[in-house]
Every structure is written in structure tokens, then in C-alpha cells.
Amino acid sequence: MKFTWGHGVVVALGCFIIFILSLLYFAGETGGMVTDNYYEKELHFQDEINSEKRANELKEKPEVIVQANGFLFQFPATTSADFSGDIYLLRNEDETKDIKETIKLNDRKNFLVSSVKLKEGVYELTLNWKENNQTYLIKKSIRWISQ
């Protein structure tokens with residue numbers, strides 16, 4: 001049997017398909033979605049933008065202080081009594097290291113996320129709270145280094 005240009009096209013196409021399939025196989029798990037309810041969250045995205053804008057307009061903003069015993073979230077002394085909020089510390093590389101806490105302020109208007117819960121690395125902080133029927137949102141990256 002003579003090797004023609006048609007055979008060459010079939011061999012080249014076969015090699016290309018094997019190459020693409022091997023890329024898919026060796027790529028393995030490329031990670032999942034950051035959140036399971038992505039589309040539901042997308043519907044409330046404008047609310048997040050408005051909450052971030054309100055937080056940026058505050059004269060006194062909450063502070064995140066990195067201490068040896070964890071992350072200390074210090075809220076202004078003027079924080080009202082009807083305050084409620086949540087802290088999300090998300091790790092992009094491993095969702096099992098994510099931390100989700102409900103904020104319970106003490107008398108000094110601060111809240112501590114203990115170092116026992118933290119693993120070394122970068123966290124994506126989402127701090128959202130409601131006060132005086134207004135929602136506020138702060139997002140930033142913070143790094144935890146074991147002390």
C-alpha cells in the first residue's frame with residue numbers, strides 16, 4: 001500500500017486528537033467554582049457594589065489588625081447596637097481552609113478570629129455588616145503568617 005497525502009492527513013489528525021486528549025487528562029482537576037450558588041449571587045451583585053460604595057464613604061471604617069493571636073477586627077466606637085455581620089476568609093487554593101464567622105462584638109467593639117483557625121497563606125477577606133438598616137461591604141486580601 002502506498003502512503004498518500006490522504007493517509008498523512010489522517011495520521012496528523014489522529015496525532016492532534018491524541019495530543020488534545022492527553023492535555024485534558026494531564027490537566028486533572030483545575031478547580032471548581034468559588035461558590036456553589038454563583039448565579040444566585042450574580043443577581044445580587046449590584047447590592048454588593050452599593051454596599052462597598054457605602055463602606056468606602058464611611059468616615060470611620062473597620063480596621064483589620066494582624067496580631068500573633070489572629071486577625072482582630074476593630075470597629076468604630078460609634079457602631080450602633082443593632083449591628084450584625086459576617087466575616088468570610090476564603091482561600092483560593094483550598095476551600096477546606098475557608099473560615100466563615102458571625103461577628104459578635106465585645107465591649108471594645110472588636111472581634112477576633114483566632115490563630116488556631118488560620119493556616120499560613122493569603123486569605124480573601126469579605127467583611128459585610130448591617131447597621132442602621134444599611135448594608136456595608138469590605139473586600140481585601142490579607143496574609144496570615146504563623147507567629
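Predicted model: local features only at pLDDT ≥ 70, side-chain atom pairs only at ≥ 80, totals over all residues.
1. The three-stranded sheet. An open sheet is built from three strands in the order β1-β2-β5, with antiparallel pairing. Its edges are β1 (63-67) and β5 (110-114), each of which pairs on one side only, and neighbouring strands are turned against each other by 20 degrees on average, direction ignored. Between β1 and β2 (residues 70-74), five bridges are found, and the two strands run antiparallel; Q67 has G70 in β2 as its bridge partner.

2. Strands β3 and β4. These two strands run antiparallel and are joined by four bridges, with Y88 standing opposite K100 in β4. In a regular strand the side chains alternate between the two faces of the sheet. Strand β4 (residues 99-102) has I99 and E101 on a covered face, whereas K100 and T102 are on an uncovered one.

3. Aromatic pairs. The count of aromatic pairs comes to six. One of them joins F71 and Y123 in an edge-to-face arrangement, with 6.4 Å centre to centre and 85 degrees between the planes; this pair links distant parts of the chain, since F71 lies in strand β2 and Y123 in strand β6 (residues 121-131), 52 residues apart. Both F71 and Y123 are buried. Another edge-to-face pair is formed by F75 and W129, at 5.7 Å centre to centre and with 80 degrees between the planes, and here the link runs from the loop between β2 and β3 (84-90), which holds F75, to strand β6, which holds W129, across 54 residues. F75 and W129 are likewise buried, and ring pairs link F75, F83, W129 and Y136 into a cluster.

4. Salt bridges. Three salt bridges are present in the structure. In one of them, the side chains of K139 and E48 meet at 3.0 Å, N to O, so that strand β7 (residues 134-144), with K139, is linked to helix α3 (residues 45-56), with E48, over 91 residues; K139 counts as partly exposed at 41% relative accessibility. The side chains of R91 and E93 meet at 2.4 Å, N to O, and this salt bridge joins a residue that counts as buried at 6% relative accessibility, R91, to one that counts as exposed at 53%, E93.

5. The pair at E101. The side chains of E101 and K117 form a salt bridge at 2.4 Å, N to O. Because E101 lies in strand β4 and K117 in the loop between β5 and β6, the pair ties together parts that are 16 residues apart in sequence. E101, which is on the covered face of β4, counts as buried at 16% relative accessibility, whereas K117 is partly exposed, with a relative accessible area of 42%.

Technical notes. Residues numbered from 1 in each chain as written. Heavy atoms only, no water. Pairing = 2+ DSSP bridges. Axes fitted to C-alpha atoms, helices over the stretch in contact; angles between N-to-C directions. Phe/Tyr/Trp six-rings, centres within 6.5 Å; stacked < 30°, edge-to-face > 60°. Buried < 20%, exposed > 50% of the residue type's maximum accessible area, 1.4 Å probe, protein only. Salt bridge = Lys/Arg side-chain N within 4 Å of Asp/Glu carboxyl O.
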